[in-house]
Amino acid sequence: QVQLVESGGGLVQAGGSLRLSCTASGRTFSNYNMGWFRQAPGKEREFVAAISWNVYSTFYADSVKGRFTISRDNAKNTVYLQMNSLKPEDTAVYSCAARNRFRPTMTFRDRGEYDYWGQGTQVTVSS
């Protein structure tokens with residue numbers, strides 16, 4: 001089992017920045033590909049960003065490309081999401097997710113591919 005705990009959410013004005021963190025425990029963090037997803041009220045959970053276990057590959061939704069940056073520190077068992085130039089439409093609960101790298105090839109963008117999920121952290125962007 002992998003336990004994931006997110007932090008760093010909050011209320012910010014449009015144009016502001018936040019950095020989310022997701023800290024893992026329970027298994028070897030460097031064996032997991034990691035993703036960030038978000039869910040706004042009344043909407044389905046959607047892909048935001050992902051990073052491979054070895055940090056060589058990163059992926060972004062078109063809606064956040066150029067504004068958000070995903071990174072990870074395997075020594076700290078933590079994946080980050082730096083969010084800049086925030087917009088009201090970025091308001092959502094943000095959750096991190098993990099998938100074992102030894103499983104078959106993944107797209108990184110499909111929420112169904114991930115095995116473990118955190119509880120989420122609320123991000124609210126005011127206009």
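This is a predicted model: local features need pLDDT of at least 70, side-chain atom pairs count only at pLDDT 80 or more; totals for chains, interfaces and linings use all residues.
Started with K65, which is partly exposed at a relative accessible area of 47%. My scale here is buried under 20% relative accessible area, exposed over 50% and partly exposed in between, with a 1.4 Å probe and protein chains only. I count residues from 1 along each chain as its sequence is written, and my side-chain values use heavy atoms, with hydrogens and water left out.

**Salt bridges**

K65 pairs with D62 in a salt bridge, 3.3 Å from N to O. I call it a salt bridge when a side-chain nitrogen of Lys or Arg is within 4 Å of a carboxyl oxygen of Asp or Glu. D62 comes out as exposed, at 66% relative accessibility. I counted six salt bridges in the structure.

Next I looked up D115, which bridges to R103 with the closest N and O atoms 2.2 Å apart. Both D115 and R103 lie in the loop between β9 and β10 (116–117), so this pair ties together parts 12 residues apart in sequence. D115 is partly exposed at 34%, and R103 is partly exposed at 38%.

D90 is in the loop between β8 and β9 and R38 is in strand β4, so the bridge links parts 52 residues apart in sequence. Are these two buried or exposed? I find both D90 and R38 buried.

**The disulfide**

How many disulfides does the whole structure hold? My search found one, taking a disulfide as a pair of cysteine sulfur atoms within 2.5 Å. C22 and C96 make it, with their sulfurs 1.9 Å apart. C22 sits in strand β3 and C96 in strand β9, so the bond ties together parts 74 residues apart in sequence. The S-S torsion is about 55°, so I noted the disulfide as right-handed. C22 is buried at 0% relative accessibility, and C96 is buried at 0% too.

**The core**

I then turned to the largest nonpolar core, where L4, M34, W36, L81, M83 and Y94 touch the most other members out of 38 residues. A core here is a set of buried Ala, Val, Leu, Ile, Met, Phe, Trp, Tyr and Cys residues joined through side-chain atoms within 4.5 Å. Elements giving it two or more residues include β3 (18–25), β4 (32–39) and β11 (121–126). Beyond four places in sequence, M34 touches a list of residues, among them L4, C22, I51, I70 and Y114; contact means heavy atoms within 4.5 Å.

**N100**

Last stop was N100, which I placed in strand β9 (residues 92–100). Which residues does N100 contact, leaving aside neighbours within four places in sequence? I get N31, Y32 and D115. The N100 side chain also reaches the backbone nitrogen of F102 at 2.8 Å. From N100 to E44 I get 24 Å, C-alpha to C-alpha, for 56 residues in sequence.

Notes: Helices (H or I, at least four residues) and strands (E, at least two) are DSSP runs, numbered from the N terminus. A polar contact is a pair of N or O atoms within 3.5 Å; within protein, one must be able to donate a hydrogen and the other to accept it, and residues adjacent in sequence count only if both atoms are side-chain atoms.
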